[in-house]
Amino acid sequence: MKKIEIVQNTNKAIAVMLNASVWMEKSGKHLSKWWQSKNMNRNFLLQHTDPGEFFVALVNGKPSASAILQDNERNQSWKSVDKDSPQKALYVHWLCVARDFAGQGYSKVMLDFAAEEARKRDFELLRLDTDANEKKLCELYESLGFKLMGTEQDVDHVTAFYQKDVA
């Protein structure tokens with residue numbers, strides 16, 4: 001029987017992010033600076049986050065998935081979606097699954113946790129963004145109830161903005 005626990009742990013979350021990043025690079029994916037393995041370390045990530053924002057799913061004690069949860073737009077502006085009316089939301093960044101756990105539903109586990117955290121913090125919206133060309137990710141988010149709110153051309157890719165009502 002699998003015991004799943006989600007905890008705040010910066011180092012274990014970064015280890016999962018590095019694992020996913022290395023796999024993406026080996027798979028030949030074009031990565032933005034946000035996902036390059038050279039940037040999956042405390043020095044880079046803590047320029048954009050706080051230690052208390054890192055969460056990791058442990059399956060029988062082994063790190064399986066991770067995400068950063070932020071209560072602000074610190075890492076991705078939603079101005080193209082919100083215009084001049086910013087929305088109060090919990091933002092999910094760097095959501096990923098360690099390769100040993102891929103395809104087993106741990107993205108959903110992390111997003112369900114994020115939705116519960118959003119409700120605990122009195123947020124009605126859960127938001128995330130991804131590369132619009134990552135069709136499997138876009139389909140995953142949509143299958144989990146996220147709606148595409150818009151896209152925006154970035155320097156090196158097109159960002160797709162997704163949100164879900166969690167009230």
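The protein contains 5 helices and 7 strands, where helices (H or I, at least four residues) and strands (E, at least two) are DSSP runs numbered from the N terminus. Along the sequence, these elements follow the pattern β-α-α-β-β-α-β-α-β-α-β-β. The structure is a predicted model, in which local features need pLDDT of at least 70 and side-chain atom pairs count only at pLDDT 80 or more, whereas totals for chains, interfaces and linings use all residues. Residues are numbered from 1 along each chain as its sequence is written, and side-chain values use heavy atoms, with hydrogens and water left out.

For the 167 residues of the protein, a compact globule would have a radius of gyration near 15 Å, and the value of 15 Å found for the model agrees with this; the radius is taken over C-alpha atoms, and the globule rule is 2.2 Å times the number of residues to the power 0.38. Taken along the principal axes, the C-alpha atoms fill a box of roughly 45 × 35 × 30 Å. Of the 167 residues, 45% count as buried, a class defined by under 20% relative accessible area, with exposed meaning over 50% and partly exposed in between (1.4 Å probe, protein chains only). Among contacts (heavy atoms within 4.5 Å) between residues at least 6 apart in sequence, 65% join residues at least 24 apart. The protein exposes about 8,800 Å², of which carbon and sulfur atoms supply 49%; accessible areas come from the Shrake-Rupley method with a 1.4 Å probe, and for residues only the protein chains shown count as cover.

Helix α4 comprises 15 residues (residues 106-120), which at 1.5 Å a residue should span 21 Å, and its end C-alpha atoms are 21 Å apart, in agreement with that expectation; the expected span is 1.5 Å times one less than the number of residues. The buried residues of α4 are Tyr106, Ser107, Met110, Leu111, Phe113, Ala114, Ala115, Glu117 and Ala118. An α-helix has 3.6 residues a turn, so residues three or four places apart point the same way. The cover over the buried residues of α4 includes the strands β1 (4-8), β2 (54-59), β3 (62-70), β4 (89-97) and β5 (125-131), together with helix α5 (135-143).

Asp122, which follows α4, is placed in the loop between α4 and β5, and its phi is near 65 degrees, a positive value in a residue other than glycine. With 60% relative accessibility, Asp122 counts as exposed. Asn60, which lies in the loop between β2 and β3, likewise has a positive phi, of about 50 degrees, although Asn60 is not a glycine. Most residues other than glycine have a negative phi.

In strand β5 itself, Arg127 is buried, with a relative accessible area of 1%. Leaving aside neighbours within four places in sequence, Arg127 is in contact with Trp78, Val81, Asp82, Gln87, Ala89, Leu90, Tyr91, Val92, Tyr162 and Gln163. Arg127 and Leu46 are 81 residues apart in sequence and 20 Å apart in space, C-alpha to C-alpha. Asp50, located in the loop between α2 (42-45) and β2, counts as partly exposed at 39% relative accessibility. Asp50 and Ile68 are 18 residues apart in sequence, with their C-alpha atoms 9.1 Å apart in space.
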